[in-house]
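Subject: Structure handover

Hello,

Here is the structure you asked to look at. Please open it beside this email and follow along.

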Amino acid sequence: SNLRISEKQLRQYVQVILENNQIELGQWFYSPLNWKPSNFVTGGLYRVKGEAKVRDKSIDWSLILKVIIPSSAANDPSHYNYWKREILAYQSGVLSQLPPMLRAPRCLGVETQDDHTVWLWLEEVSDHLQGQWSQTEYEKIARLLGNFNGTYLVSKEMPTDSWLCRDWLGSWVKECDRYDDGKTLIEETWRENPLNKVFPPDIFIRYREFYSSRKQLLETLRKLPKVFTHNDAWAPNLFLQKDGSVIAVDWSFTGIVGVGEELGRFYGLCLHSGLGTTIDINRLSGILFDSYCLGLFEAGWKGDIRLVRFGFTASVGIRCGMLIPKIMDHFY
């Protein structure tokens, strides 16, 4: 797509990145990032890069431009995919006051375009391992997420802004239900489905039980001790730094959830995305859970570990259970 980038604004952002007001903007260009949008409010991600002259010295620079599309279907702050959430998260200052172990990229500017899309100008961040994670990195991230969440249970004040998502999972379940035709609750559907060979023999009974207990699971999740969450933490959104901290991008699902849910989302996304051969998938959930709890304890939390286990297992269970109708439909 053809972006009409204002050189005047671009120059301002480059000045901030290079920490110098006396620059001469040289050649620059933009290109789409190699990324498939899975979120209907994201219109594109671009890298804008070039060179600038500072006191006769040529310096390379690069920025990330994220294009956000307004959506009437996601126009309510309680919607899991509220289109303005990330913009407001940056504008409110919440993302510049995060605990040191997990931070957001710096936002250099927010511009509303004539076509009503909103452009977020962000610093470009990189992962010192280029995303080549071994099991150690997954453990590190789980511990870090526990530490991040735990900080809000113990010492850090919880943000209270109205754009925060306060019932992400509940809202997502409601949205999934709109596309569920109910076939999965009929036993015949399962008998005729080729997936039968893959699923355990009692899958229909288990699915039906899951379906009838969803409401109660969600209600119990709402009663857990609350933490501030990134809520979309998985490899493509996390950039490990040499100092052991992590920079997390894409804050469009950020909000307040029960303790353990952040890890549930992380683990669910791990399962969903395929982890390569070096990771022992059968032991992964236990390893991640222990690491997350370690992070909570390091933050100073002394609560009941069973609450964390419920937050973790219930949120993963709901996530996986809600995918069943979609998977069945695909093979029906």
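Which residue in β3 does V48 stand opposite? It is L63 that faces V48 there. Keep in mind that this is a predicted model.

Start with the strand β2, residues 42–54. On one side, β2 is joined to β1, residues 23–32, by 8 bridges. β1 and β2 run antiparallel.

V48 and L63 show you where to look. β2 and β3 form a hairpin, with 2 residues between them. Look at R55 in the turn: its phi is positive, about 45°.

Strands of a sheet pair through backbone hydrogen bonds, either parallel or antiparallel. In a regular strand, side chains alternate between the two faces of the sheet.

**An open sheet**

Next, find the open sheet of 3 strands. What is the order of its strands? The order is β4-β9-β8, and the pairing is mixed. β4 (102–103) and β8 (238–240) are the edge strands, each pairing on one side only. β8 is joined to β9, residues 246–248, by 3 bridges. These two strands run antiparallel. Within that pairing, F239 has I247 in β9 as its bridge partner.

**Two helices**

Now turn to α7 and α8. α8 covers residues 281–298. The axes of the two helices come within 11 Å. They cross at roughly 155°. Angles over 145 degrees count as roughly antiparallel, so α7 is roughly antiparallel to α8. The crossing of α7 and α8 is right-handed.

**Cavities**

Rolling a probe the size of a water molecule over the atoms shows where empty space is left. How many cavities of 30 Å³ or more are there? The count is 2.

The largest cavity holds about 110 Å³ of space. Its lining is W168, L169, W172, N231, V257, E261, R265, S315 and R319. Which of the elements gives the most to the lining of the largest cavity? That is α4, with 3 residues. By class, the lining has 4 nonpolar, 2 polar and 3 charged residues.

The second largest cavity has about 30 Å³ of space. V41, T42, K66, I68, Y82, W83, R85, E86 and S252 line the second largest cavity. β3 (57–68) and α2 (85–92) each give two or more residues to this lining. The lining of the second largest cavity divides into 4 nonpolar, 2 polar and 3 charged residues.

**A pocket**

Last, look at the second largest pocket. About 240 Å³ of space lies in this pocket. Among the residues lining the pocket are N2, L3 and R4. G43, Y46, V67 and I69 also line the pocket. So do Q113, D114, D115, T117 and W119. What classes make up this lining? There are 5 nonpolar, 4 polar and 3 charged residues in the lining of the second largest pocket.

Best wishes

Terms used: Residues are numbered from 1 along each chain as its sequence is written. This is a predicted model: local features need pLDDT of at least 70, side-chain atom pairs count only at pLDDT 80 or more; totals for chains, interfaces and linings use all residues. Side-chain values use heavy atoms; hydrogens and water are left out. On a 1 Å grid over the protein atoms alone, a cavity is a set of points where a 1.4 Å probe fits but cannot get out, and a pocket is an open set with protein on both sides within 12 Å along at least five of seven lines; lining residues have an atom within 4 Å of a point. Grid points are joined across faces, edges and corners, and a volume is the space filled by probe spheres set on the points. Helices (H or I, at least four residues) and strands (E, at least two) are DSSP runs, numbered from the N terminus. Ala, Val, Leu, Ile, Met, Phe, Trp, Tyr, Cys and Pro count as nonpolar, Asp, Glu, Lys and Arg as charged, and the others, Gly among them, as polar. Two strands pair if DSSP finds at least two bridges between them. Axes are lines fitted to C-alpha atoms, for helices over the stretch in contact, and angles run from 0 to 180 degrees between N-to-C directions. Angles under 35 degrees count as roughly parallel, over 145 as roughly antiparallel, 65 to 115 as roughly perpendicular and the rest as oblique. A crossing is left-handed if the near helix is turned anticlockwise from the far one by less than a right angle, and right-handed if clockwise.
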